Amino acid sequence: QVANGNFDLAITGRDWLWDHLCRFPSSPVTEVLDLGFGQVKVVAVVSQDLAADSAHELRRLISSGQISGLRLASEYVNIADKYARDNHLAPYRVIPTWGASEAFLPEDADVLIEVTETGETLARHNLKIIDTLLQSSACLIGNKIPPTDQIKRDRIDYIIQALHRAGG
């Protein structure tokens with residue numbers, strides 16, 4: 001909504017902002033203020049039974065034929081796609097998920113791109129983190145292009161300053 005100009009400001013997670021920017025790199029949306037709460041990490045996760053502890057080792061498994069057609073499951077389909085492209089994990093496909101997705105591994109996916117606070121839930125599901133993609137928290141986002149109306153700009157600045165003073 002901010003990118004489309006329907007809202008001037010919004011609160012979201014840095015993870016969702018990054019997912020948006022992975023799909024739309026030229027989007028006019030930017031982080032205005034880190035609000036400092038809702039700390040999580042976006043991580044790449046595999047089964048403990050998979051002989052890989054990094055994206056490089058996943059690439060080795062693909063090139064050796066031990067994994068044919070890597071399956072990445074995630075709510076963050078754009079981050080997952082970028083992760084696979086940046087790490088040269090082709091051939092791959094991204095499987096969209098919603099809600100608790102730990103059960104996808106290892107039967108329905110090879111890699112899970114997921115959020116975690118402590119990693120305890122992942123460990124209970126026999127999963128291991130092989131990469132940390134992003135530290136995320138709640139943030140205020142806005143449009144890079146300021147409104148032309150001075151009154152509107154003043155109101156936006158007031159909101160930003162109020163949130164900053166409140167501890168953001």
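The model is a predicted one, in which local features need pLDDT of at least 70 and side-chain atom pairs count only at pLDDT 80 or more, while totals for chains, interfaces and linings use all residues. Residues are numbered from 1 along each chain as its sequence is written, and side-chain values use heavy atoms, leaving out hydrogens and water.

Helices (H or I, at least four residues) and strands (E, at least two) are DSSP runs, numbered from the N terminus. Two strands count as paired if DSSP finds at least two bridges between them. The open sheet has five strands in the order E5-E4-E6-E3-E7, with mixed pairing. Its edge strands, E5 (92-96) and E7, each pair on one side only. From one strand to the next, the twist averages 25°.

## Helix H1 across the sheet

Helix H1 (residues 14-23) lies across E3, E6 and E7, and runs at about 85° to E7. Here axes are lines fitted to C-alpha atoms, for helices over the stretch in contact (heavy atoms within 4.5 Å). Angles run from 0 to 180 degrees between N-to-C directions.

Which residues of helix H2 (residues 55-63) are buried? They are Ala55, Leu58, Leu61 and Ile62. These residues sit on the same side of H2, because they cover an arc of only 110° around the axis, taken from the directions from the helix axis to the C-beta atoms. Buried means under 20% relative accessible area, exposed over 50% and partly exposed in between (1.4 Å probe, protein chains only).

The face turned away from the buried side carries the exposed His56 and Ser63. After H2 comes glycine 65, whose phi is positive, near 85°.

## Salt bridges

The whole structure holds seven salt bridges (a side-chain nitrogen of Lys or Arg within 4 Å of a carboxyl oxygen of Asp or Glu). One joins aspartate 110 and arginine 71, with the closest N and O atoms 3.1 Å apart. Aspartate 110 lies in the loop between E5 and E6 and arginine 71 in strand E4, so this pair ties together parts 39 residues apart in sequence.

In another, arginine 85 meets aspartate 81 (2.9 Å, N to O). Salt bridges also link Arg14, Glu31 and Asp34 in a network.
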